[in-house]
Amino acid sequence: MKRFSFLVLVILLLTSCAARNSRSSNEEKKQYVIGFSQIGAESSWRERNTESVLEAGKKANYKILYENANQSQTEQIKDLRSFIASRVDLIILTPIVETGWKHVLEEAADANIPVVINDRLISKEDSHLYKTFVGPDVPIQGIQTADFLKKKYKDVQEPINIVEIQGSKDASPAISRHDGLVEGLKDDPRFHLVASVHGDFMLSKGREAIKNVTKSHDLKQVDVIYCHNDDMADGVVSYLEETDIKPGKDITICSVDGQQSAIDLLKAGKINCVIECDPNMGEKLFEVVTAVLEGKSIPKENYTTGRVFSEYSDLTKIDKRGY
Ligand code: GYE
């Protein structure tokens, strides 16, 4: 009888230990909830970037609350506030413009919710309000475009007139792609930026923007059109094809992103240079997210890399783009 009660005691102890262990392993496997505030779907690049983030988040077993702000900062701020109210474990923000984030990011900090920035940057003075950034080194893209132009026009003495179709006003890639080009050409007085207009990173607006330029400038006097992304370059090329100016021949077209449509136009000789900007940053982003949640120290900037595809490249070697 005594031996029987001892056995019961041992069984009871073992089952309670097993229950405690399984509870603690469930606790260890807590699924973190991440709020992801995306800008919208203005370009093929953006659509691929969204997919890449969502795929990588799922693969890393995070629960993602995804919001798409349809190009509105007001909407993005509302989305961030709803993540804070839901007490998510971390926020991923792709900021549509550089400024105007201070208050909402302070609210996230007060709620102890870390913020990771995806793709675009916010103003330097607010950089203490996010943990880390994952995205492209954009000023380099402007400099790479300048290098291409210097190579292409190396034997030309006359002035070279450039029209720039910028991305959305106040967006960090629009600011830096402009600054990068200016920086890259600053020592070469042949180059003149004769017009700079915004096309919001959209195909239809790129087309509209170049059409507007023709009201004040004769495109026959323009040597280069520098588009801040491929969708706008697609719009510019489609507009020029309706005129007697041949894109890629009568006028040099430069672009950034490296999406399939631009590579196809490059191969067809209608675009001259495409700077790659890789939208597939999901995996790197979630490595960083995990490090932040585990309290590990990580660099403030985590840059993706990009190549230059131009009329000087071996175009047979370019892989299928996937965006
Ligand atoms: O080049 C453009 C997009 O922020 C770097 O945004 C990104 C830019 C990208 O919509 O196509």
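The shell around the ligand draws at least three residues from each of domain 1 (33-135 + 280-303) and domain 2 (138-278 + 309-317); the domain bounds come from an automatic or database assignment. This is a predicted model, in which local features need pLDDT of at least 70, side-chain atom pairs count only at pLDDT 80 or more, and totals for chains, interfaces and linings use all residues. Residues are numbered from 1 along each chain as its sequence is written, and side-chain values use heavy atoms, without hydrogens and water.

Among the residues surrounding the ligand are Glu-42, Trp-45, Arg-177 and Phe-201; a residue is near the ligand if one of its heavy atoms lies within 4 Å of it.

The distance is 2.9 Å for Asp-119, 2.8 Å for Asn-229 and 2.6 Å for Asp-257. Taken alone, the ligand exposes 300 Å², and the protein buries 100% of that, by the Shrake-Rupley method with a 1.4 Å probe.

Methods
A polar contact is a pair of N or O atoms within 3.5 Å; within protein, one must be able to donate a hydrogen and the other to accept it, and residues adjacent in sequence count only if both atoms are side-chain atoms.
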